[in-house]
Amino acid sequence: MSEPEMRPKAEKLDATDELAGLRAQFVLDDAVYLDGNSLGALPRSVPGRVEDVVRRQWGSLRIRSWDESGWWTAPERIGDRIAPLVGAAPGQIVVGDSTSVNVFKAVVGAVRLAAEKRDGRDEVLVDATTFPTDGYIAASAARLTGCTLRPVTPDEVPGALSGRTAAVLLNHVDYRTGRLHDLPTLTAAIHAAGAISVWDLCHSAGALPVGLDEHGVDLAVGCTYKYLNGGPGSPAYLYVRETLQPRFDSPLPGWNSHADPFGMTPDYTPAPGALRGRVGTPDILSMLALEAALEVWDDVSIDAVRTKSLALTDFFLECVESYVPEGAVESVTPTTHTERGSQVALRCADAGNVMRRLIDRGVIGDFREPDVLRFGFTPLYVGFGDVERAARVLGEMF
């Protein structure tokens with residue numbers, strides 16, 4: 001398909017896009033922003049809300065805001081707003097701390113849950129292709145719990161499971177390639193082996209259905225600054241399946257997760273439910289900015305988001321094939337829909353310089369060593385015209 005033919009197709013797709021109106025809820029400029037898988041765009045509702053939190057709630061009400069402004073209940077309240085986006089019922093997600101801290105809580109907690117069986121489970125499996133921090137945290141958690149760490153690829157997990165496996169930490173979507181791993185099948189295999197599943201949802205929550213409850217996931221963590229648009233460094237979240245909550249033993253007990261936080265007793269008694277995933281005083285400014293950002297999801301179907309995500313990535317690959325000289329780039333993202341997240345990764349020579357030039361031309365993606373151009377597609381604000389322009393400019397780089 002020649003270049004002139006791609007723009008009319010983009011226009012037709014935009015004209016029938018049921019999510020197109022959501023774009024107006026974000027602060028955007030003339031650039032094509034395809035880096036929402038690293039940092040989501042700013043929802044327009046956030047600045048005013050943050051100003052209210054700072055000027056009125058903090059500035060005027062001060063300490064009273066813990067009760068009167070709902071600061072104290074924010075971690076679980078906001079967790080319940082995230083829950084539908086990852087297929088969880090209320091009362092199972094608590095927001096707070098960083099993804100790294102929550103990964104640590106989840107992995108150590110998973111090993112402790114597995115240890116209740118007293119059947120010699122002393123091995124933690126970790127995704128060998130994981131984002132590095134998950135690997136670092138898993139290694140530390142294994143050392144602290146006396147376990148052996150065994151890195152394996154997600155495809156290798158079924159064959160690597162054994163009676164020694166205590167916990168398995170996997171990424172739902174590979175951060176480099178955008179490959180979507182089979183959460184239902186892998187979770188079932190982990191359970192069949194008697195182990196505890198821990199999933200990292202950083203690159204899937206807000207981009208595609210997850211189905212935590214439906215598929216019996218034990219523990220999950222995720223960030224909120226990518227597809228959930230919570231802002232730089234916005235707090236992460238921890239999911240603990242309801243049936244496991246009475247037994248979840250967090251390695252980071254804090255006064256905020258105590259059953260009687262203001263009793264200030266020397267002995268620790270964990271709070272009921274997901275609250276035991278809390279640690280210390282919540283980061284209220286970031287927390288309430290996130291709460292405002294999540295309002296863009298009101299009445300938005302995650303299934304509709306997934307449908308558009310696949311259409312955007314399909315169209316991008318089609319445009320790349322049309323505009324980019326043959327052999328200049330190679331897609332490392334699966335073409336099969338069931339294996340694709342909401343990004344496309346292209347391998348090419350001198351990728352770092354190519355991405356710098358793209359950014360100079362108003363197409364914002366990112367670069368991953370050694371040779372990967374990474375483009376994230378956030379269906380709430382990316383349109384098909386954006387996709388066509390990005391691929392056309394990419395073709396002009398060669």
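Which residue forms a salt bridge with Glu-123? The legends below begin with that pair.

**View 1. Glu-123 and Arg-150 form a salt bridge.** The model is predicted, so local features need pLDDT of at least 70 and side-chain atom pairs count only at pLDDT 80 or more, while totals for chains, interfaces and linings use all residues. Residues are numbered from 1 along each chain as its sequence is written, and side-chain values use heavy atoms, with hydrogens and water left out. A salt bridge is a side-chain nitrogen of Lys or Arg within 4 Å of a carboxyl oxygen of Asp or Glu. In the pair shown here, the closest N and O atoms of Glu-123 and Arg-150 are 3.8 Å apart. Because Glu-123 lies in strand E5 (residues 123-127) and Arg-150 in strand E6 (residues 148-152), the pair ties together parts that are 27 residues apart in sequence. Strands (E, at least two residues) and helices (H or I, at least four) are DSSP runs, numbered from the N terminus. Glu-123 is buried, with a relative accessible area of 6%, whereas Arg-150 is partly exposed at 35%. Buried means under 20% relative accessible area, exposed over 50%, and partly exposed in between (1.4 Å probe, protein chains only).

**View 2. Lys-9 and Glu-318 link distant parts of the chain.** Their closest N and O atoms are 2.8 Å apart. By the same rule, the count comes to 26 salt bridges. Arg-7, Glu-388 and Arg-392 are linked in a network of such bridges.

**View 3. Glu-330 and Arg-347 form a salt bridge between two strands.** The closest N and O atoms of this pair are 3.7 Å apart. Glu-330 lies in strand E11 (residues 330-331) and Arg-347 in strand E12 (residues 343-347), so the pair ties together parts that are 17 residues apart in sequence. Glu-330 has a relative accessible area of 45% and is partly exposed; Arg-347, at 33%, is partly exposed.

**View 4. Four strands form an open sheet with antiparallel pairing.** The order of the strands is E11-E12-E15-E14. The edge strands, E11 and E14 (366-368), each pair on one side only. Two strands pair if DSSP finds at least two bridges between them. Three bridges join E14 to strand E15 (residues 372-376), and Arg-368 stands opposite Val-372 in E15.

**View 5. Two helices accompany the sheet.** H10 packs on the sheet and touches E11, E12 and E15, its direction making about 25 degrees with that of E12. Contact means heavy atoms within 4.5 Å. Helix H11 (residues 351-360) lies across E14 and E15, running at about 40 degrees to E15. Axes are lines fitted to C-alpha atoms, for helices over the stretch in contact, and angles run from 0 to 180 degrees between N-to-C directions.

**View 6. The largest pocket holds about 320 Å³ of space.** A pocket is an open set of points on a 1 Å grid over the protein atoms alone, where a 1.4 Å probe fits, with protein on both sides within 12 Å along at least five of seven lines; lining residues have an atom within 4 Å of a point. Points are joined across faces, edges and corners, and the volume is the space filled by probe spheres set on them. Of the 23 lining residues, the closest to the pocket centre are Thr-99, Phe-131, Cys-202, Tyr-225 and Lys-226. Helix H5 (99-115) and helix H6 (132-145) are the elements that give two or more residues to the lining. H5 gives the most, with three residues.
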